[in-house]
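Here is a friendly walk through one model, heading by heading. Have the viewer open as you read.

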Amino acid sequence: MSLSRAKSDAFDADATAAGSGAAATPGLVATTVRHACVRIVSVTLFIGLWQLASASHLRLGFVTFVNVPAPTEVFESFIALVRSGKLAPHLAASIVRVFAGFGVAAVTGILLGLAIARSKLAEDVLWPPLEILRPIPAVAWIPLAILMFPSAEGSMVFITYTGALFPILLNTIHGVAEVDHRLISSARSLGAGWRAILFEVIIPGAAPSIVTGLAIGMGTAWFCLVTAEMIAGQFGVGYYTWESYTLQNYPDIIVGMLVIGALGMASSVLVRWAGGRLTPWRETK
Amino acid sequence: MPAVAEQGGSAPAVGRLEIHDLSIRFGTNPVIENFGLTVEPGEFVCLLGPSGCGKSTVLNAVAGFVPVESVTVSVDGRPVKGPGVDRGMVFQQYSLFPWKTVLENVAFGPRMQGASRAKARSMARTYLEFVGLLAFADRYPATLSGGMQQRVGIARALVNHPSVLLMDEPFGALDAQTRGLMQENLLRLWEEIRATVLFVTHDIDEALYLADRVVIMSAPPGRVLLNLAIDLPRPRPDDVFALPAFAAAKRQCLTLIRQESQRVFDHQRRNFS
């Protein structure tokens, strides 16, 4: 029994291998469509349950949906926000802050990381203070940042910077350390000096890890910015979300949350896309 | 391939490699002790020995990757102080730059020598044609087979016109058929460029097939155990493996290497159990 089963599996495998050029394609499309349908149903079900919980003022004791607006209310608030024209300044304020903090963090994180990973002296001088600051969550910097920066804008960008810096720094150091020593040896044998080794071997070798650090850094940048805006901000999607709470515009809280999620996702996609463009050799594998 | 052949010539005057009394320790552990070897210009020498005997360490010392005392290793009388373009290196695998195309990998050496980008590319094309891979110039290394990657590695080393070519088990990671083809190809290239070659391997057949002279190393600390001149016709005939001279040399190598492998084994059992 088991023998004949194994045999038929082997024949199936052959048939699949032989037919994979033409016959597999319709099957693949059908599978993709089926998965997509399941996912759409899943999201619909999730929103439906939420609607039900909100509309029925569901109380479970430890958590209550009494004050949770229903999806329909959230959608209406979102349309109202878009029509009012107030969304754009909030979006612009947040995006400018994130890209300022993230941009400076990318430059300093990569430069510091390269220096620390390549030079013992730089490691001894630069690493100890960074190692002390590293375990402090960026959010814990908020009170001090407000004291240190005369403008609220400066303190929020600084918090964003602090959040993005360490993932970028650590991934750069890690990426440089992981560059295969045979590649460096090969380059030296071929007559490369330190400059060529840095720009043509070390940096491209560390690039995949740096891109990962940038993507993680972009995520933490949004996280830190939203928190900072809730405390120190005027304008910005974090500020908008918190303001909605204080003004008791509950549907707007969820609008703010969803906008923050969308912005975070779009920025991560942007960083990964740019990273892919910068490391084209990895896609051809 | 006229441009490549011209650089060869029949009687190369450069590429004399001398190693005098080389000793290397890793910490307190002596890896190489009183190792001496002279390779004549244009000679093909295989360094053969049990694994762990320090063959690759000798090669790395010649390449300049392992610091040595100034007088111990020299090429044409110039002491080796670090890596240099007079000694081209081919590693076992994964030494092509993954982020450079095949053409850019080969053009890297000439560019480092100060050639213009256009000149470096044209030199790279010449050597890619030499190893039969010009059609793959714009591919990334990861898209090539292991054997093709090694041919690119050889082209990248040769384009700098090294007087000594150092090869560290370059075909060790390839399957048997590919390895045989690569060996044939290497000899064909070598007939044209006539550089001195120091080739590390643990494969006796490979060493006998390729070399003018096989140098057998001892169990660690590594030193020269036997210098065996290989008296086989060149170019190697297809049935070289069936020749009595081949069988005799192989028997001699096998006996010595088996005995040294046993010593490595005993040494490891004494020290690490």
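## A salt bridge within chain B

Arg194(B) and Glu191(B) form a salt bridge, with 3.3 Å between their closest N and O atoms. The term asks for a side-chain nitrogen of Lys or Arg within 4 Å of a carboxyl oxygen of Asp or Glu. Arg194(B) has a relative accessible area of 25%, so this residue counts as partly exposed. Glu191(B) is partly exposed too, at 31%. On this scale, buried means under 20% relative accessible area, exposed means over 50%, and partly exposed is in between (1.4 Å probe, protein chains only).

## How to read the values

This is a predicted model, in which local features need pLDDT of at least 70 and side-chain atom pairs count only at pLDDT 80 or more, while totals for chains, interfaces and linings use all residues. Residues are numbered from 1 along each chain as its sequence is written, chains are lettered from A and ligands numbered from 1 in the order in which they are written, and side-chain values use heavy atoms, leaving out hydrogens and water.

## Salt bridges in chain A

Over all chains, the structure holds 19 salt bridges. One of them joins the side chains of Glu229(A) and Arg97(A), at 2.6 Å from N to O. Glu229(A) sits in helix α9 (residues 194–232) of chain A and Arg97(A) in helix α4 (residues 87–118) of chain A, so the pair ties together parts that are 132 residues apart in sequence. Both Glu229(A) and Arg97(A) are buried. Together with Glu153(A), Arg97(A) and Glu229(A) are linked in a network of salt bridges.

Arg134(A) and Glu131(A) also form a salt bridge, their closest N and O atoms being 3.3 Å apart. Arg134(A) is partly exposed at 36% relative accessibility, and Glu131(A) is partly exposed at 32%.

## The fold and extent of chain A

Chain A has eleven helices and zero strands. Helices (H or I, at least four residues) and strands (E, at least two) are DSSP runs, numbered from the N terminus.

The radius of gyration of chain A is 26 Å, whereas a compact globule of 285 residues would have one near 19 Å. That radius is taken over C-alpha atoms, and the globule rule is 2.2 Å times the number of residues to the power 0.38. Along the principal axes, the C-alpha atoms of chain A fill a box of roughly 70 × 70 × 35 Å. Of the 285 residues of chain A, 38% count as buried. Among contacts in chain A with a separation of 6 or more, 69% come from residues 24 or more positions apart; contact means heavy atoms within 4.5 Å.

## Where the chains meet

How many residues of chain B are in contact with chain A? There are 25, and they touch 20 residues of chain A. Between them, the two chains bury about 2,000 Å², 67% of it on carbon and sulfur atoms. Buried area is the accessible area (1.4 Å probe) that two parts lose on being put together, summed over both.

The count between chain B and chain A is two salt bridges. In one of these, Glu200(A) pairs with Lys100(B), with the closest N and O atoms 2.6 Å apart. On the side of chain B that touches chain A, the elements that give two or more residues are β6 (87–90) and α3 (102–112) of chain B. Of these, α3(B) gives the most, with four residues.
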